[in-house]
Amino acid sequence: MSNAPQSNATLPKTQAEWRKALEELPSSPEKIPSFFFGHGSPFLAFPESDAGGNQVTEAMGPKGPLATFLKDFGPVLLKKYKPKGIVIFSAHWETVGERVVTDYGDSNPLLMDYFGFQPALYQLKFHSRGDSALSQRVVQLYKEAGHLARTTSRMEARGEDGRGFAGPGLDHGVFVPFRLMFGEEFLETPIVEVSIDGSLSPEKNWAVGKVVEQLRREGILVLSGGLLVHNLRDWSAFAEQSAKSVVKEFDKAILDAVTVPEPNARKEQMIKLMQHPGFRAAHPRAEHFVPLYVAAGAGGDGEVRVLSAIYGAPTFAFGL
């Protein structure tokens, strides 16, 4: 397999281009890549009649490029990898000092961890299931690597997510994109969510991902979701047409760093991204950015491929 980096001229930005990139992913159920993906926001679940009005809702809403990509992305993952389970990390669940793993049984509850939206967004459905054996396997791997880890059940609040919401359930960084990727009822493949490291350290979250690298060889799909541009204090940053130049430069720097071919140099450049002048303009707080490091850690030293270069919400495959 070629180790040459993708050039900015060939990065997939249109539906035709990302469909080609998805089609060219190797079918390797014996070693599934890990993925970072733009998990969007509740805007993805807006009724289409409410989706227009400004550049942000058009870019991030149900008719925008991210929603369109996610609808293409999910079926390809199932077809190419036939995963026995999905382990998902989300920017919306942080814990400090230990990893916490959902063990919700036959029906995963949903945590509506957002506020101020129309009533329809609190009636969203995503019917999925967990798997206790998978949850225990994840805990085992963390303990073997010297991390504190435990499961949490649907009878226990999973802990605050850093933004004031507490309760059991998959957060909207999981169920909002998964509804587009897999449909509102998705019972064929169990889903287990794992917390990211609340220190928001790139190195510690890289290590969080490294622990579950083994799962990729056990038929488990490892996904990590966030947004690489996420500034609720500057809504213009969410749309490429309105974003400040320093934010757009940061977006390009991410793509440049991730496509460095040599693994050690790639890691060095990715860690340095949080020192980029555009980082604070894109992220007042780093929780939506560090899931990138979880996915990279889970991917190991293999090839990285850009599957979509959607501004602020790209998708990367690690460990090819």
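The model is predicted: local features need pLDDT of at least 70, side-chain atom pairs count only at pLDDT 80 or more, and totals for chains, interfaces and linings use all residues. Residues are numbered from 1 along each chain as its sequence is written, and side-chain values use heavy atoms, with hydrogens and water left out. The protein has 10 helices and 8 strands. Its radius of gyration is 18 Å, close to the 20 Å that the globule rule gives for 320 residues, so the protein is as compact as a globular protein of that length.

**Overall build**

- Helices (H or I, at least four residues) and strands (E, at least two) are DSSP runs, numbered from the N terminus.
- The radius of gyration is taken over C-alpha atoms, and the globule rule is 2.2 Å times the number of residues to the power 0.38.
- Along the principal axes, the C-alpha atoms fill a box of roughly 45 × 45 × 35 Å.
- Of the 320 residues, 59% count as buried. Buried means under 20% relative accessible area, exposed means over 50%, and partly exposed lies in between (1.4 Å probe, protein chains only).
- Among contacts (heavy atoms within 4.5 Å) with a separation of 6 or more, 78% come from residues 24 or more positions apart.
- The protein exposes about 12500 Å², and carbon and sulfur atoms supply 52% of that area. Accessible areas come from the Shrake-Rupley method with a 1.4 Å probe; for residues, only the protein chains shown count as cover.

**Helix α1**

- Trp18, Ala21 and Leu22 are buried in α1 (residues 15–23).
- Seen down the axis of α1, its buried residues fall within an arc of 100 degrees, so they line one face of the helix. The arc is that of the directions from the helix axis to the C-beta atoms.
- Those buried residues pack against α3 (65–81) and β7 (304–308).
- Ala16, Lys20 and Glu23, on the other side of α1, are exposed.

**Strand β6**

- In β6 (residues 220–226), 7 of the 7 residues are buried, so the strand is largely enclosed by the rest of the structure.
- In a regular strand the side chains alternate between the two faces of the sheet.
- Both faces of β6 are covered. Ile220, Val222, Ser224 and Gly226 are buried on one side, and Leu221, Leu223 and Gly225 on the other.
- Strand β1 (residues 34–38) runs parallel to β6 and is joined to it by 5 bridges. Two strands pair if DSSP finds at least two bridges between them. Ser34 stands opposite Val222.
- Strand β2 (residues 85–95) also runs parallel to β6, with 6 bridges. Here Phe89 stands opposite Ser224.

**Pro291**

- Pro291 lies in helix α10 (residues 291–299).
- Pro291 is buried, at 0% relative accessibility.
- Pro291 touches Phe36, Ala91, Ser224, Gly225 and Gly226, not counting residues up to four places away in sequence.
- The C-alpha atoms of Pro291 and Ser90 are 6.8 Å apart, although 201 residues separate the two along the chain.

**Asn108**

- Asn108 sits in the loop between β3 (99–102) and α4 (132–144).
- Asn108 is buried, with a relative accessible area of 4%.
- A polar atom of the Asn108 side chain lies 3.0 Å from the backbone oxygen of Arg129.
- The backbone oxygen of Ile191 lies 3.4 Å from a polar atom of the Asn108 side chain.
- Residues touching Asn108, not counting those up to four places away in sequence, include Phe126, Ser128, Arg154 and Leu170.

How values were computed:
Polar contact = N/O pair within 3.5 Å; in protein donor to acceptor, adjacent residues only side chain to side chain.
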